[in-house]
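Work through the exercises below with the sequence and the 3D structure open. Each task is followed by a solution in steps.

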Amino acid sequence: MKFYDMNLRGQDFDKDLALVLEANKFGWDYLNLNYFPENFDKAIQYKDDLIDELSSVDFNQTYRNIKTNFEHAELSMGINILNANSNEIRKIINKYRNKSNYISCLGGDLKINRRVCENHRIDVLSRPYYKRRDSGMNHVLAKEAKKNNVAIELCFKDILNNHLRYRANVISSFKEILMFHRKFQFPLILTTDSKILYDVRSTRDIACFFKSIGFSDKEIYNGFYYYPKQIIDFNKERKNMIIRGVKLIDSDDFTDTYDKLESDLEEFEGIEGFDDDSQDEFILDDADADDIGGKYENDLGEEL
Amino acid sequence: MKLKVLPPTLRKKHHYLILDIKSEVEISKEEMLQYTGDACIRYWGENHSSNFDLWVMRHYLIDKTIQNNEAIFNYKTVLRCGRSYCNDVRVALSTLRRYNKNKVAINTIGISGTIKSGVSKFIEE
């Protein structure tokens, strides 16, 4: 399984580089840096430098598994719209839709949540529960999100930054949105929203967290890989979409067998190396040494 | 008088988590135990945390770097936990971000059945 993080908070070259290196170290396969619209053009200029720096990292300095994660993370850049009304959102989308492969909009306000769910030109509604006591979603928004293929984003950072009653409130919102997702089947993506080094967590830790609050293996797989990949693939083809359901294709691409039109995106089929048993790759062969007469140590390091 | 050591079948079964820790300030082995215990009790509550059987076995300072005029201490630690509660412990540790107003990040980089093999595979390499 691959892990896509679609929401890293981009700032400037040095901070982005430190953030990307750290995320790459802990096993993320695809990293999407999000910027404010006014910073996006500046960020695009140093994208190639970031990729060069990332590809020059020594593989042995990372915690990546050589068998499964044998390549460094891919990198892309997107736009995150904050604190805008519906008019401003429309203007930003008109300006940046063709330049960026990923546009998300911060939710929280009910009008914005509704406006974003109804707009098929936006990819993601980010954190609809932001600064709210409820989840910010209902059955109407869920149906609209499904209809317009707008993904809803849940951020792990909200768990890190909130404590006690507030953290419980966020987890409750996650569970409510998950309930809507199970009924209405809108795309649900899981991200970290990391801004500094201390926000980055390993992929397995975050997957275990979402599992602990009630997500199934399939939902975690879809949230980290299937839906993000679908968004990326869809946006690569977006220029050729004339209207919904109609795509312009070159004569070279057209075949009678439709072989070339099939996507390589795999649906969840109980992938190996993902269940609890997948810990085997971390647990060493002598994990059961205690059953066959291995050595013991007490708290003081003395052998028993 | 010391208690007699339990026979192997009656002893608790353990696994060892290998942790990668980044912190703004220096962390001693005793403080590390507080960090982990506090994170587990805060996330899972007192009842469930009682199963974890946490203890810090090894604690190494790997390096100290400076980024943006801020020191970052990098440690690697071997943490003992109950055999069927590894995932619960790693979840609790990953939700810890601040302790005593200092930023800290704890990631689990591996699980091992013995201390020796965990150290040789994840720390000494």
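**Exercise 1: a hairpin in chain B**

Task: find the hairpin formed by E2(B) and E3(B), and state how many residues lie between the strands and which turn residue has a positive phi.

Solution. E2(B) and E3(B) make a hairpin with 2 residues between them, and B:Asn68 in the turn has a positive phi of about 50°. The model is predicted: local features need pLDDT of at least 70, side-chain atom pairs count only at pLDDT 80 or more, and totals for chains, interfaces and linings use all residues. Residues are numbered from 1 along each chain as its sequence is written, while chains are lettered from A and ligands numbered from 1 in the order in which they are written. Helices (H or I, at least four residues) and strands (E, at least two) are DSSP runs, numbered from the N terminus.

Next, take the pairing. Strands E2 (residues 55–67) and E3 (residues 70–82) of chain B are antiparallel, with 11 bridges; two strands pair if DSSP finds at least two bridges between them. Opposite B:Ile66 stands B:Ala71 in E3(B).

**Exercise 2: the two sheets**

Task: give the strand order of the sheet in chain B and of the sheet in chain A.

Solution. In chain B, 5 strands form an open antiparallel sheet in the order E2-E3-E1-E5-E4. E2 and strand E4 (98–99) of chain B are at the edges with a single partner strand each, so one side of each has no neighbour in the sheet. Inside this order, E1 (residues 14–23) and E5 (residues 102–112) of chain B pair antiparallel over 8 bridges, and B:Leu19 has B:Thr108 in E5(B) as its bridge partner.

In chain A, 7 strands form an open parallel sheet in the order E1-E2-E3-E4-E5-E6-E7. Strand E1 (4–9) and E7 of chain A are the edge strands, each with a single partner strand, so one side of each is left without a neighbour in the sheet. E4(A) and E5(A) run parallel and are joined by 3 bridges; A:Cys105 has A:Leu125 in E5(A) as its bridge partner.

**Exercise 3: two helices of chain B**

Task: at what angle do the axes of H1(B) and H2(B) cross?

Solution. The axes of helix H1 (residues 29–49) and helix H2 (residues 86–94) of chain B come within 8 Å and cross at roughly 100°. Axes are lines fitted to C-alpha atoms, for helices over the stretch in contact, and angles run from 0 to 180 degrees between N-to-C directions. H1(B) and H2(B) are therefore roughly perpendicular, a class that covers 65 to 115 degrees. Among the residues making the contact are B:Tyr43 and B:Trp44 of H1(B) and B:Val89 and B:Leu93 of H2(B); contact requires C-beta atoms, placed from the backbone, within 7 Å.

Note on methods. Angles under 35 degrees count as roughly parallel, over 145 as roughly antiparallel, 65 to 115 as roughly perpendicular and the rest as oblique. Two residues are in contact if their C-beta atoms, placed from the backbone, lie within 7 Å.
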